[in-house]
Number of protein chains: 2
Amino acid sequence: MKTLRIIVIGGVAAGASFAARARRLSETAQITIIERGPDVSFANCGLPYHIGGEIPERRTLAVQTEASLKAMLNLDVRTLSEATFIDRAAKRVLVRNLRNGEEEWLAYDKLMLSPGAAPVFPSLPGIDDPRVFTLRNLQDMDRIAAASEAGKHAVIAGAGFIGLEMAEQLYRKGLSVEIVQISHQVLSLLDAKLAGLLEDELSKNNIGLHLGNQITRFEGRENKLLCHLSSGTVLETDLVVMSIGVQPESALAQAAGLQLGEKGHIAVSAFMQTSDPDIYAAGDVVETSERTMGGQIAVPLGGPANRQGRVAADHLFLKEKARPYPGSLGTSIVRVFEMAAGVTGWNEKGLKKAGIDYETVTVTDSHHASYYPGAKPLTLKIFWARDDGMLLGAQAAGQEGVDKRLDVMATAIAAGMNIEDLCHLELAYAPPFGSAKDVVNIAGFAATNMQDELVNMVHEFPAASADVQLLDVRGKALSMAQPVPGAINIPLTSLRNSMDRLDPGKPVVIFCSIGKNSYFASRVLLQHGFDAKSLAGGAFINKERKAAPVT
Amino acid sequence: MKTLRIIVIGGVAAGASFAARARRLSETAQITIIERGPDVSFANCGLPYHIGGEIPERRTLAVQTEASLKAMLNLDVRTLSEATFIDRAAKRVLVRNLRNGEEEWLAYDKLMLSPGAAPVFPSLPGIDDPRVFTLRNLQDMDRIAAASEAGKHAVIAGAGFIGLEMAEQLYRKGLSVEIVQISHQVLSLLDAKLAGLLEDELSKNNIGLHLGNQITRFEGRENKLLCHLSSGTVLETDLVVMSIGVQPESALAQAAGLQLGEKGHIAVSAFMQTSDPDIYAAGDVVETSERTMGGQIAVPLGGPANRQGRVAADHLFLKEKARPYPGSLGTSIVRVFEMAAGVTGWNEKGLKKAGIDYETVTVTDSHHASYYPGAKPLTLKIFWARDDGMLLGAQAAGQEGVDKRLDVMATAIAAGMNIEDLCHLELAYAPPFGSAKDVVNIAGFAATNMQDELVNMVHEFPAASADVQLLDVRGKALSMAQPVPGAINIPLTSLRNSMDRLDPGKPVVIFCSIGKNSYFASRVLLQHGFDAKSLAGGAFINKERKAAPVT
């Protein structure tokens, strides 16, 4: 039997995963990994954490080496080697050895393209200053670590996952850190109110925030680098990390005439085949189907990359037994100091843009039994299709238990569950771990209450107006300590006896701390004939938020 | 309109939940709660934690009072009142005031039975000694707390949830603790190997374990209480907590002629109606449908109780809009010192007893990225129907992240997912929270590999025999440090070059630490013509276990 020759271009997440699975399915295939960088299969998600010293040992990030992959998997790994051309007709790849510039043609029977995505690096004046960095590999990490040893101040351009992680880690190292973010919130994947919780946390930790702003040019001085912002502000810094996004490294695929998606990702089948059936692609370079409604989505994260690599290997060797990739949800999470936040599935911006008829609710409750010490507020926002209640997306923020609720929601969404199903998820409860009614159940209760028209929710404080009564049902002490202008305070416990203080002819918008007591109050008032609405998420999540003062 | 009169018998979890939801749906109903004890709606799951001081404030456990329920929900709560007879024909309940012995008839239109379940208290000689306790309410808690202040030694009869929690909390208070457990493992809901991890943890913390043993009689001495065990051992102690199980308090229902289940629970419809449509029942006293296959199951836990109470209220007031209770999985969790363990859905004993054709695999992996500091081993065992791969149950044990995986599995099982679906759950990954391939995904990979016949698993070390080769593919150092008798050590990295050390004519059973490298090795050997099997879960979970030495 002829030996099957497989070439893998890019050996980090998707490529390494593909190669490992391919070897498990075939001892005889000849598997060659072409990797442009000096390392294969390293832990790229860990890079920021080593810079801040949270992962102290650099070697723990270099998961595999050429030698270990040879010993474990009999893979032929060629680092510092760049694939520069794919000759599909002759089924061969031109590979340049970056050590000596020599080129050679390697023949393949099957090819895997997993070159990843590169940090966006806009052509701004002065950006080539050596104090401007991006973070993609171990060498980038070493360079930023070295610069941060000497530096006192850092600017982070872009408040996505890497930007937020870098801000925290550089702060840990003792630097003053300022973030410049083009949109008016951090972490654009989140909806603004939950992002606000992260912004509070950043401010609490003295991270400067320049929202609605971007760097327009850099100006290198001898000891400092100046960052000119669109607002006119000039930041004086020692180093800049550009983390404004990534773009798929699809030039090689494009030159080979493979089909690309609208945003330049490689288009693939559910089995990760490109438009050339002998060429697979996986990881940050591809777009796949979106899991709930089947559109196209690109999720440049490690989990999907690893599983896509595996799907491709299965398709190659298991044939009809292979199982398709079911699509991506875009589940993601980031830790920001003591807080964490993340999303799965659709967010509100996406739903609006796609014109989907959705409904949403935000709930906050304790991450475990409130009577057990250490309970922290956890905020969960969910989205569902208005017509049938099918879950479309979720996002969460809090100090503890955010990952758990995102995982439960990701599972529920992948399963095609609806809001009714959330009510009866039977989650693990003992005081240190959860509540008899978990915040996920409570989100289901709130959503079905809306569906059943037992409650009318509003999602913002009403504008001050003589036509609407704003009712504060929090306790007196809290109401006085955190007053909301124009609100009438009637604690929930006094409501039945004090209804005469409300005008039955005017709508009432009710709020409390987290949206639970205001719902209870709305049930009382509705049954007494009032036009009563409850503010979802309460004062905890609905507040005017400002950018942090810049230090 | 005639006022609807509702009587609720038992006002803790299900009853309080029912009453609160009923009030939200009807401001006009007259709702009376009859509670035998002095407290309503207290946090019964928190009782052990107050005894040990982990929940320092007793008042945090008394969630509601008669006054607060009146103010919040306009409920008429009568504590220290016992319902002694239900006259269904006349629709009235005889209630005895336990303060003064007076009796009165209360008329109802709808009745809710939520009296809960009582600790089993077997009629053993000497059990009436005042040093023998059970734990159900705040007064029991106070009594045990007082006894433990003075005591130096405690015996816990029964190693279920309450028994394990009590053991830990009394140990925290400085007592020597010994557990007497009738079965040969702690926490019978778990399968034995995972229970073994808890047993190790108990032993590490000097908790004595008497497995396969029970107390046959008590003998009160002046300063000590003697517990005579079936093994002949006599334990000398200061207090005993009986936590060998609970039984439903269905005597009142039975006397009223309501239909009961085989084990004495009240039988209910999916809307929590008893055989009398004007009488609902919910909580520990009922049995419901089992969620995966529809048999009967009783789950005496807070989560189901709360949600069942809500379902009943919805049925009463929302009529055709009401949604049925979908059945219980029995999701549960317990913390034992630094460890946690729990189950959801079917366990192996149950599947065997029910004669269900199932398959199972046990995997262990890090609870978050292994390169991020603090990664702990997490063991997950899953069960699925052999014919179609449908998930039937799961159990997990480890130091961190057990609750999250149980919740994901509970959601997946409730959704009717199968083992393929587990492979592609897109869970939240950042180094502090998870892994690119979570242990849940890995369980899916292992299970589908079994289904695809890519691996043959064994679930025990093979008996020593000249007919089977036992191959240890761990590294040399570990293999020498933790030798397994009769095993040939060939580290995975040397396997391809050392296959000549194996006899191709004899089966090979391969093991490693956690079952991953042994799977990898089995792929190599299978493709080279060997009859190779991999030990699921590895040496970590497959070891001879003994009861802890008794201190």
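A salt bridge is taken here as a side-chain nitrogen of Lys or Arg within 4 Å of a carboxyl oxygen of Asp or Glu. In this predicted model, the side chains of A:Lys2 and A:Asp109 meet that criterion, with an N to O distance of 3.0 Å. Because A:Lys2 lies in the segment before β1 (5–9) of chain A and A:Asp109 in the loop between β6 (103–107) and β7 (110–113), the pair ties together parts that are 107 residues apart in sequence.

Over all chains, the count comes to 79 salt bridges. Among them is the pair formed by A:Arg386 and A:Glu359, at 2.9 Å from N to O, in which A:Arg386 belongs to the loop between β25 (377–385) and β26 (391–398) of chain A and A:Glu359 to strand β24 (residues 358–366), so that parts 27 residues apart in sequence are tied together. A:Arg386 is partly exposed, with a relative accessible area of 44%, whereas A:Glu359 is buried, with a value of 18%. A further salt bridge joins the side chains of A:Asp129 and A:Arg131 at 2.9 Å, N to O, and both of these residues are buried.

Turning to the interface, 90 residues of chain A are in contact with 90 residues of chain B, and the two chains bury about 7,700 Å² between them, 58% of it on carbon and sulfur atoms. A:Arg323, A:His424 and A:Glu426 supply 11% of the area that chain A buries against chain B, more than any other three residues. Between chain A and chain B there are 10 salt bridges, one of which is formed by the side chains of A:Asp407 and B:Lys404, at 3.7 Å from N to O. Polar contacts across this interface amount to 44 residue pairs. Elements including α1 (14–25), β22 (332–336) and α14 (516–527) of chain A each supply at least two residues of the side that touches chain B, but the largest share, nine residues, comes from α10(A). By class, this side of chain A has 47 nonpolar, 22 polar and 21 charged residues.

With regard to cysteines, the structure holds zero disulfides over all chains. The sulfur of B:Cys512 is 19 Å from the closest cysteine sulfur, in B:Cys423, and is therefore too far for a bond. B:Cys512 is buried, with a relative accessible area of 3%, whereas B:Cys45 is partly exposed at 23% relative accessibility.

Terms used:
Residues are numbered from 1 along each chain as its sequence is written. Chains are lettered from A and ligands numbered from 1 in the order in which they are written. This is a predicted model: local features need pLDDT of at least 70, side-chain atom pairs count only at pLDDT 80 or more; totals for chains, interfaces and linings use all residues. Side-chain values use heavy atoms; hydrogens and water are left out. Contact means heavy atoms within 4.5 Å. Buried area is the accessible area (1.4 Å probe) that two parts lose on being put together, summed over both. A polar contact is a pair of N or O atoms within 3.5 Å; within protein, one must be able to donate a hydrogen and the other to accept it, and residues adjacent in sequence count only if both atoms are side-chain atoms. Helices (H or I, at least four residues) and strands (E, at least two) are DSSP runs, numbered from the N terminus. Ala, Val, Leu, Ile, Met, Phe, Trp, Tyr, Cys and Pro count as nonpolar, Asp, Glu, Lys and Arg as charged, and the others, Gly among them, as polar. A disulfide is a pair of cysteine sulfur atoms within 2.5 Å. Buried means under 20% relative accessible area, exposed over 50%, partly exposed in between (1.4 Å probe, protein chains only).
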